[in-house]
Amino acid sequence: MNNSGLNMEIVKDHNRALIIQLICTNNGVTRQDLTEATNLTPMTLTNITSELIKNNLICEIDAKNTGKGRTPKLLYPAPNSPVAAGIFISKTCMYGIITDLSLNIIITKKVPFARQETSDTITTKLLTLADYLTSYSDRPLLGLGVSTVGVVDTINGRITYITDFFNIHELEIKSILERHVDIPIFVKNDMQSAALCEMYFGLGKVKDHFIYLGLTIGVGASIVANQQLLNNMTGSCGELGHMTINYKDGEQCQCGSRGCLELTASVPKIIEHINQACNTDFSDFREALAFCDNNDTARAILMDVSDQLAYALNNLINIVDISTIILGHSAIYLPDYVLDSIEKRLNRISLFRYNRTIKIFKSRFEDNGPLLGSACNVLDQLFSGMLSQ
């Protein structure tokens with residue numbers, strides 16, 4: 001027989017990682033469930049699950065007895081299985097998290113930023129938070145994932161460009177953490193991290209393709225296609241906020257372009273435009289949105305934002321042909337009438353409107369996606385067979 005050159009150890013690792021993923025992302029599965037989901041033979045499946053039980057990664061528990069035949073055994077992550085640590089760097093503070101293999105939160109910690117931060121002070125807070133997380137649990141730690149704002153080179157683990165961040169424009173993350181803590185470090189943009197969270201534990205469990213859109217101080221997006229996070233050559237993708245919406249009369253953006261989407265559709269800009277038009281003084285996004293319900297001027301501003309988001313998303317949809325959109329970060333606070341408006345407009349103007357209906361959903365993780373996503377940066381390595389089990 002002709003040898004295809006396939007490394008059987010790689011196949012074993014792939015199969016093992018797939019089994020771990022299915023067990024960790026579902027609330028109790030049987031061996032029969034796994035056989036049907038993977039097409040592995042019962043013998044192969046038994047060998048893999050026995051190995052995982054022996055290594056304290058999974059455990060077996062009797063299902064609730066229904067009185068109909070033999071009681072099946074359910075597979076879960078073991079109570080003392082490894083954990084994942086994560087850090088989310090936003091523009092206002094830093095959060096730390098530890099989760100189990102099923103993304104159940106064990107601990108969280110918030111570290112606020114001062115008014116005058118520097119790259120040195122932020123690095124110090126990053127290392128201090130990493131120390132806290134790595135020393136918190138007695139359970140084995142798989143790695144530390146970092147979810148951060150800005151344009152990120154995920155291969156080298158650094159912010160390559162960021163605006164409105166204490167006059168800091170780039171920041172080393174992975175290399176500094178690797179010199180400080182002896183565990184694997186994985187760094188992604190916060191939109192990509194949140195998309196991983198959706199892919200493994202959210203709507204992505206039933207949707208193989210989706211666009212994740214997040215509103216924050218900026219506007220960002222990420223793309224999942226065929227259950228894979230879309231990356232460019234540096235491991236990043238999705239700067240929707242710097243898509244030009246009004247190149248002719250639009251405001252100059254710090255990125256160097258003109259009329260970028262985030263100049264009108266980001267959280268601070270929406271609040272600013274409402275305050276200017278209505279002589280209000282909102283600082284809280286949800287309060288400003290609630291005001292729009294009963295004020296025609298404010299509501300008109302919000303509907304203009306919905307149009308701009310629709311046209312920006314349509315540009316993206318016309319390229320990737322993905323019909324499921326998940327709103328996360330602060331976009332989950334947008335009222336339903338805004339979502340309906342975006343959805344209706346997309347289904348009127350999309351090139352693919354005759355092939356499928358575009359649907360918009362809110363993230364089940366609400367605005368916690370980027371924080372949970374930081375831990376998912378580690379779990380993604382485990383579930384894809386790239387991290388040693």
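Mentor: Start inside helix α8, where Lys 269 and Glu 272 sit three residues apart, about one turn of the helix. Helices here are DSSP runs of H or I with at least four residues, strands are runs of E with at least two, and both are numbered from the N terminus. The two side chains form a salt bridge, with the closest N and O atoms 3.6 Å apart. The term needs a side-chain nitrogen of Lys or Arg within 4 Å of a carboxyl oxygen of Asp or Glu. Lys 269 is buried, at 18% relative accessible area. Glu 272, at 31%, counts as partly exposed. The cut-offs are under 20% for buried and over 50% for exposed, with partly exposed in between, using a 1.4 Å probe and protein chains only.

Keep in mind that this is a predicted model: local features need pLDDT of at least 70, side-chain atom pairs count only at pLDDT 80 or more, and totals for chains, interfaces and linings use all residues. Residues are numbered from 1 along each chain as its sequence is written, and side-chain values use heavy atoms, without hydrogens or water.

Now see what α8 packs on. Two packed helices are described by the angle between their axes and the distance between the axes. Helix α8 covers residues 267-278, and its partner α10 covers residues 296-320. They pack at about 150°, with axes 9 Å apart. So α8 is roughly antiparallel to α10. Each axis is a line fitted to C-alpha atoms, for helices over the stretch in contact, and angles run from 0 to 180 degrees between N-to-C directions. Under 35 degrees is roughly parallel, over 145 roughly antiparallel, 65 to 115 roughly perpendicular, and the rest oblique. The crossing of α8 and α10 is right-handed.

Which residues of α8 and α10 make the contact? From α8 come Ile 270, His 273, Ile 274, Ala 277 and Cys 278. From α10 come Thr 297, Ala 298, Ile 301, Leu 302 and Val 305. Contact means heavy atoms within 4.5 Å. By class, this α8 and α10 contact has eight nonpolar, two polar and no charged residues. Nonpolar covers Ala, Val, Leu, Ile, Met, Phe, Trp, Tyr, Cys and Pro; charged covers Asp, Glu, Lys and Arg; the others, Gly among them, are polar.

Helix α10 also packs with α9, residues 285-292, at about 110° and with axes 7 Å apart. That makes α9 roughly perpendicular to α10. Here Leu 289, Phe 291 and Cys 292 of α9 meet Ala 298, Arg 299 and Leu 302 of α10. The α9 and α10 contact has five nonpolar residues, no polar ones and one charged.

Move on to the loop between α10 and β14, where Asp 321 lies. Asp 321 has a positive phi of about 55° although it is not a glycine. At 30% relative accessibility, it counts as partly exposed. Asp 321 forms a salt bridge with Arg 356, the closest N and O atoms being 2.6 Å apart. Arg 356 is in the loop between α11 (336-349) and β15 (359-362), so this pair ties together parts 35 residues apart in sequence. Arg 356 is partly exposed too, at 32%.

Another bridge joins Glu 172 to Arg 158, with closest N and O atoms 2.7 Å apart. Glu 172 lies in strand β9 (residues 171-172) and Arg 158 in strand β8 (residues 158-161), so the pair ties together parts 14 residues apart in sequence. Glu 172 is partly exposed at 31%. In the loop between β8 and β9 sits Phe 166. Its phi is near 55°, a positive value in a residue other than glycine. Phe 166 is partly exposed, at 24%.

How many salt bridges does a search of the whole structure find? The total is 13. Elsewhere, Asp 13, Arg 16 and Glu 51 are linked in a network of them.

End with a buried residue. Ile 97 lies in strand β4, residues 93-99, and has 0% relative accessibility. Leaving out residues up to four places away in sequence, its contacts include Ala 84, Ile 105, Leu 133 and Leu 371.

Note on methods
Left-handed = near helix turned anticlockwise from the far one by under 90°.
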